[in-house]
Each structure stands twice: as C-alpha cells, then as structure tokens.
Amino acid sequence: MSARPRLAVLLAGLATFAAVVVPSASAHAAPKVPRTAVLDGTRLQETRLRLDRGDPQLKRTLKDLTARADNWLTQGPWTVVDKPKPAPGGDVHDYLSQAPYWWPSQSKTADNPWGCPYVQRDGQRNPEVDTGTDRQDVEKVFDSTYDLALAWYYTGRKQYAEKAATVLRTWFLAPATRMNPNLNHGQFIPCKYDGRAIGIIDFSQSYTSVLDAIAILETGAPGWSKSDRTAMRAWNTDYRDWLENSAFGGEEGAAENNHGTFYDMQLAALAYATGDEDLARRTVLGAEPKRIDPQVAADGSQPQELTRTRSWHYSTFDLVAYTRLAAIGRHVGVNLWRYTGPDGQSLAKAVDYLLPAATGATPWPHPELEFHRYAASDIVHAAADAGDRAARAAVPKLETPPGGDLWALRPAAEQLDSIAG
C-alpha cells in the first residue's frame, strides 16, 4: 500500500475514534441566554451549566422548583371568559376583579343583592373577591407559566414548556378565550365603580414574571411557535400602549405609594420586552426623583406604607417592586442601587431598615395584622446581590419561604406572602 492510501486509512480511523470518544459540540452546547426583563439571563445560563455539572446544592433547590411545576401540570389552562358574569359593558374578554378591602354594609336582599353601599376595611380581605372574577385565575396564569418555563429551562423536560405554552395561548392569544389587553375593570366596587386605576396593580404584581417566562420559552422551547411569539409580542405592545396612555394608567402612574412603584416596574418591563429600551430607561431613571426621594425616608423607612394596618407586608411589597425595577435597570444601563437621594435615601437603606425584623433579631415595631418574617427574604437576597454588606450578613438568618428558597434559580424578588390588593 502506498503512503497516500495508508495516510487516508489512518485519518479515517482517527476521525472514527474522535466521533466515538469526543462528544459533538452540539451535545454540550451551552443553553441560550434568555432576553429576560427582570431576571439576569446570563445568570440563568450559568446556573443551568452548574446544574449540568451536578452542583449538589442547586440540584436540591431544583427539586423544590420542579415540585411546583409538577403541580401545575394537572391544572388549567384558565381563561378570562369563564367568569359567571362579564365585566361591566358585557364583554367576557375584559378582565374583571373586585376591590379586596371593600365590604357590604347592608344585608343582601332581592332589591339589594350586593348589600350596598360598600365600605372600606383596610387590610381585611373580602372573600367575595375570589369568586366570580378573574383575579385568582390570572394569578395562576402568572405563577404557573413562570414555574413551568424555569423548570423547562433547567431540566429540558418538554412537558413543562408545552404546558406553559398552552396556558399562555389560552389566556392571551386564542380568539375564543383571549383577554383584551386592558384593565378597564380592575378592582371594581359594586354599586360604586365599574373599574379603577388602582386595579392595574393586579397585573403589576406579577405580570413581569410572565414576560420573563416568555423570554425563557423563546430560547427554543417545544410547543412555543414563531406565530405564538409574534402574537404575544403584539398583545404586550397593545397592553403597554394602554398602560402608558390610558386615563387609568396616568392615574396609577401618579400614585405616591407602592402602586406608583409597581406601575413603573411593569411599564419598564413591558417597554424592554417589546423593544422600546428608551422608554424602559426613562422609566427607571425617573423613579429616582419620583419614587425614592418622596417614598423612602432618611432612615430607610417607607412612611406611606407604615400607615397601613399591614405595614410589614406593604413595606416588603413596595421593595419587591423597587428591586425588580432595579433589575430591569441593569439591562438598560441604570444602576438604581447606587442612587442616593437628597436626604440620603436609597434602596439599600430601605432594605436595611427591615433587617432586624427580617432576621428575627427584634419585633417589627409598626402595625401588622399578620406578620410573616419570610416576606422580606427575597428583597434581602436582592440587596445582598447588589453589594449591601448588611443584607449579605443577614441572608443566613432569613426565614425560608413556604415551598423553599428558590433565589438561586430565579434571582428576582417575588411577593412571598399571600395577601393581595
């Protein structure tokens, strides 16, 4: 055999050997970085790679996440058209929710079926709000798609992605079951208001989780098609425009407590997710003088939230919005954690104000109908990740939230206690 044929045989043999013992590049291709609005996509990718390498602590945390995702596999999908009565105006595709802290003052009769007039009881949730409206169902849409999308990203199990896609299509996209992209009838009060600007917070609380779930699915999830992606972007653009330009949107944006903070957070996330990064950046920057300066005191307390009967809940709740807004700012070149107001106000100070109660060192010194120490856990994690040394030292002393501490897998603050409004 000549040298040339022998060389060809040798090269062919080496190629065969390499194919057997050296995995293909595609077998070890890094997961894609999702273009998430609140979550750090690069951090998600790094966490996925650590899981692929068998990180034991992350694997234990993943069990808590997949337990939540597995629970969603047998539930839903949900639709806005299922409520027993349509929203005022008669369109079953309009979202409807009822004000949580308003109660009937009269006995219900045939002539007065609602028991009107309704009166306010701050912090006391009327159980009527969980029947006959869309509030509970939409919260399941928010929570399930987030848990399912994250579980798919970390495990690759297609059933998680396919379920998330079905939930999203049913609530937002399918013509027979879709929701109209507005909140004209959020938090109505029987016999008083057909809807209120304050109802926007129904979506502000958690809709950014849906935006991140969509971004995760768009990295190649089975069951989430190009047409789904296009239709969902159109829905989000319409909703963003309603939020920015409607009278209700303007009123909620002018709120001086947690409602205003959550409005900014939701608008900034929608702007980023729909490609308007300039609007996202303006919104985050505007929160410095518009939100932090008047809402956070020099000692880090939040005076508007301390007046509530559930002052601990609302102090942590407002900081969920702030820390998520700061996370959005990271994507558009704004570091909200570095901002210091004219009296020394800052997000770090606001978190540090909560640390004695969050760690169990001292009781919370303000009114609170139902204290849950774990409500502060995520925001303390967020501050620690942002470089707050006091928060970092407090992390080992935090109370674990129900269902486990998922911060390592979804490092963005959630509202961890259940009260809403």
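Start by selecting His-93, in the loop between α3 and β1. You are looking at a predicted model. Is His-93 buried or exposed? Its relative accessible area is 19%, and buried means under 20%, so His-93 counts as buried. Leaving out residues up to four places away in sequence, they are Val-80, Val-81, Pro-175, Ala-176, Thr-177, Arg-178, Met-179 and Asn-180.

**Two cis peptide bonds**

Stay in the loop between α3 and β1 and pick Pro-77. The peptide bond leading from Gly-76 to Pro-77 is cis, with omega near 0 degrees. Then move to Pro-117, in the loop between β1 and β2. Here the bond from Cys-116 to Pro-117 is cis, with omega near 5 degrees.

**The disulfide**

How many disulfides does a search of the whole structure find? The search finds 1. It joins Cys-116 to Cys-191, S to S 2.0 Å. Cys-116 sits in the loop between β1 (102-104) and β2 (118-120), and Cys-191 in the loop between α5 and α6, so the pair ties together parts that are 75 residues apart in sequence. Look along the S-S bond: the angle about it is 70 degrees, and the link of Cys-116 and Cys-191 is right-handed.

Cys-116 is buried, with a relative accessible area of 12%. Cys-191 is exposed, at 58%. Check the backbone of Cys-191 too. Its phi is positive, about 65 degrees, although Cys-191 is not a glycine.

**Along the loop between α5 and α6**

Step back to Gln-187, in the loop between α5 and α6. Gln-187 is not a glycine, yet its phi is positive, about 50 degrees. Gln-187 counts as buried, at 2% relative accessibility.

Now go forward to Tyr-193. This residue lies in the loop between α5 (158-173) and α6 (201-204). Tyr-193 counts as partly exposed, at 41% relative accessibility.

**Helix α2**

Select residues 41-52, which form helix α2. Why does the length of this helix agree with what its 12 residues should span? At 1.5 Å a residue they should span 16 Å, and the end C-alpha atoms are 17 Å apart, which agrees.

Show the buried side of the helix next. Gly-41, Leu-44, Gln-45, Thr-47 and Leu-51 are buried in α2. They cover an arc of only 160 degrees around the axis, which puts them on the same side of α2. What do these buried residues pack against? They pack against α3 (56-72), α4 (135-155) and α7 (207-217).

Now inspect the two ends. At the start of α2, a side-chain oxygen of Asp-40 comes within 3.1 Å of the backbone nitrogen of Thr-42. Following α2 is Gly-54, with a positive phi near 90 degrees.

**Leu-58 in α3**

Move on to Leu-58, in helix α3. Leu-58 is buried, with a relative accessible area of 4%. Which residues does Leu-58 contact, leaving aside its neighbours within four places in sequence? They are Thr-47, Arg-50, Leu-51, Ala-408 and Leu-409. Leu-58 and Ala-221 are 163 residues apart along the chain, and their C-alpha atoms are separated by 22 Å.

**Aromatic rings**

Finish with the rings of Phe, Tyr and Trp. Pairing rings whose centres lie within 6.5 Å gives a count of 20 aromatic pairs. Zoom in on Tyr-314 and Phe-317. This pair is edge-to-face, 5.8 Å centre to centre, with 80 degrees between the planes. Tyr-314 and Phe-317 are 3 residues apart in helix α13 (residues 311-331), so about one helical turn separates them. Both are buried.

For the last stop, select Tyr-95, Phe-142, Phe-172, Phe-203, Tyr-207, Trp-235, Tyr-239 and Trp-242. Ring pairs link these residues into a cluster.

Notes:
Residues numbered from 1 in each chain as written. Heavy atoms only, no water. Helix = DSSP H or I, 4+ residues; strand = E, 2+ residues; numbered from the N terminus. Buried < 20%, exposed > 50% of the residue type's maximum accessible area, 1.4 Å probe, protein only. Expected span 1.5 Å × (residues − 1). Arc of directions from axis to C-beta. Contact = heavy atoms within 4.5 Å. Polar contact = N/O pair within 3.5 Å; in protein donor to acceptor, adjacent residues only side chain to side chain. Disulfide = S-S within 2.5 Å. Phe/Tyr/Trp six-rings, centres within 6.5 Å; stacked < 30°, edge-to-face > 60°.
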